[in-house]
Structures are given as structure tokens and as C-alpha cells.
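Visitor: Can we walk through this one together? I'd like to start with the strands.

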Amino acid sequence: MLVPMGDLLRRGQREGYAVPAFNFYNHPTAQGIALEAESLESPVILMVSGRYVDYMGVRHAAALGLQAAEAVRTPVAVLLDHGASLELAEACVAAGFSSVMIDGSRKPIEENTALTRAVVEFAHARGISVEAELGAVGGIEDAVFGEDDDIKLTLIDPDQAADFVRDTGIDALAPAIGNVHGLTKLEPKLDLRLLERVRQAVDVPLVLHGGSGLSDETVRTIIAIGVSKFNVGTEMKVAYRDGLREYFATGKYEPRLASEAAVAAVRKTVRRKIELAGSAGKA
């Protein structure tokens, strides 16, 4: 059941739970996410990053997400994650995405604001939700391991965040508070006091990127502070790999059965994150 992301996040914000958002990379990952969300009666967000849209093509990426969403009875948003341009956002909306994230966080604030406002104007006219990022989250989404060893952080300014939300009209804000994409040797040290200040400064739902590297205790804390969406990408890749590895270790080689093993492994990770988010039964 395809829905705009904003509807899911606003309810979570009101009721004090988060909606987990999972990156998908192929059919088994998309299917595993949607099926497990349905089994737990949880809303869910299926995301595909701009890098993977470039890799798969817009139409194929959209088809994977939309088919997974339409096959289940629970509400699913399909989101472009870390889109870099208005043109990519427009293409994804045309292909059927229900939500887009525009990431101008590494641009000067004036350019980020102008780009984000243009995406919002286009998307809102078509009933599409928009997420944007302010400050620079460490690492690079879906980078090849070791490609970006220089992890640079630019933390968000709460007053600037309030202006950014007002001037752009976004539906959700992803603040940089020390979080990092991917898995790191040590858990990233989040500035929770800064998160509290941002929560007080803006009224839109907040999003935390880099959820794969955080402990369960940290995730519970950020949800209690007011995060309504947390993203999981790298752990989806790890689960997919582990499912395939376990199957091929048997000496078998049937692609269909290998995919089923990968789906089962993905579902285990999705289940744990949904239970952590508190979204089970909220469909």
C-alpha cells in the first residue's frame, strides 16, 4: 500500500515511535523489507540511494520498490535517498516514487536552501513528501568500502535549521549531529544535547541517517528525544551477504533458493529494527 512518507512520520511524531527506513539494492532486499513489515503490521519506508538509482536506472529502481509496496497490505513509502539534483527528483517522481530526499548538505546554505525549495515546490504540487539534510553527515552513502576514509562532520545549527525548515517547506529534516554513514570501528558519538535543541527549534519530523552503526540503547534514546525516522542501509547489505553465504556454503547453486535465503536473512534484521523503533502494530 503506497503512501507519502510524510503521513507515516507525522503519526510517529505524534505517538512517540519511529518509522524505520531501509535501503534496498535488489529484489531480495526490497521483498524482505516489505514482507517483514507486513508480518509485524508496521509502516515502513523503502529507500534507494541516488547511487543505486544511477546503477539500476530510475525505472528499474522504481519498479522494485513499487512492486514490493503493492504486494503488501501495510503502508509503505518508496523514497529516493540522497538525491543530488532537481532533475533526479523529478525523474523519480515521474517513475512513481512517493517521496524524495534532496541532499544539498555539502553546498553553502544558500544553495542548499534554493535547491531544496525547488524540489519541494515541484514535489508538493504532486502530493510527494520531501526530506532534506542540514549539516554534513559523515561518510558517503553507498560508497565503496575504503573510498571515503576521511570522515568529516559538519554539525547542524538549530537556529539555522529553523530558518531552513521555514524557507524550504520540507516535510522532514535530517540533522547532522555526529552521525556517520556505514559501519565504523567505534560507535559514532552523537551530540544528543544538540539533537534536543534541534527538536525544540523545528516542528517537522526528524530523521537520523547512519542507523546501522548505532547501539540499540542509542536508537531508543534518539527516538525518545523525538526522532521519527531512522535509516538502515549497511546492515541490509550485511544481512543479504550472510544469507547468500549460508546458502552457498551448503554446496548448492540454485539462484531462486539463494535469493530465498537472502530474503530470510534480511527479514531477521528488519524485524529487529522494527521492534526497536516501536512501530510494530502501527500500520
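Guide: First a term: a crossover is right-handed if, with the strands pointing away from the viewer, the path from the first strand over the helix to the second runs clockwise. Helices (H or I, at least four residues) and strands (E, at least two) are DSSP runs, numbered from the N terminus. This is a predicted model, where local features need pLDDT of at least 70, side-chain atom pairs count only at pLDDT 80 or more, and totals for chains, interfaces and linings use all residues. Residues are numbered from 1 along each chain as its sequence is written, and side-chain values use heavy atoms, with hydrogens and water left out.

Visitor: Which elements make the right-handed β-α-β unit?

Guide: Strand E1, helix H2 (residues 27-39) and strand E2.

Visitor: How many bridges join E2 to E3?

Guide: There are 6, and the two strands run parallel; strands pair if DSSP finds at least two bridges between them. Ala 77 in E3 is the bridge partner of Ile 45. E1 (residues 19-23) also pairs with E2 in the parallel sense, over 3 bridges, with Phe 22 opposite Leu 46.

Visitor: Why is E2 largely enclosed?

Guide: Because 6 of its 6 residues are buried (under 20% relative accessible area; exposed is over 50%, partly exposed in between; 1.4 Å probe, protein chains only). Val 44, Leu 46 and Val 48 cover one side, Ile 45, Met 47 and Ser 49 the other.

Visitor: New topic. How many aromatic pairs are there?

Guide: The whole structure has 3. Rings of Phe, Tyr and Trp (its six-membered ring) pair if their centres lie within 6.5 Å; planes under 30 degrees apart count as stacked, over 60 as edge-to-face and the rest as tilted. Tyr 25 and Tyr 52 are edge-to-face, at 4.8 Å and 70°.
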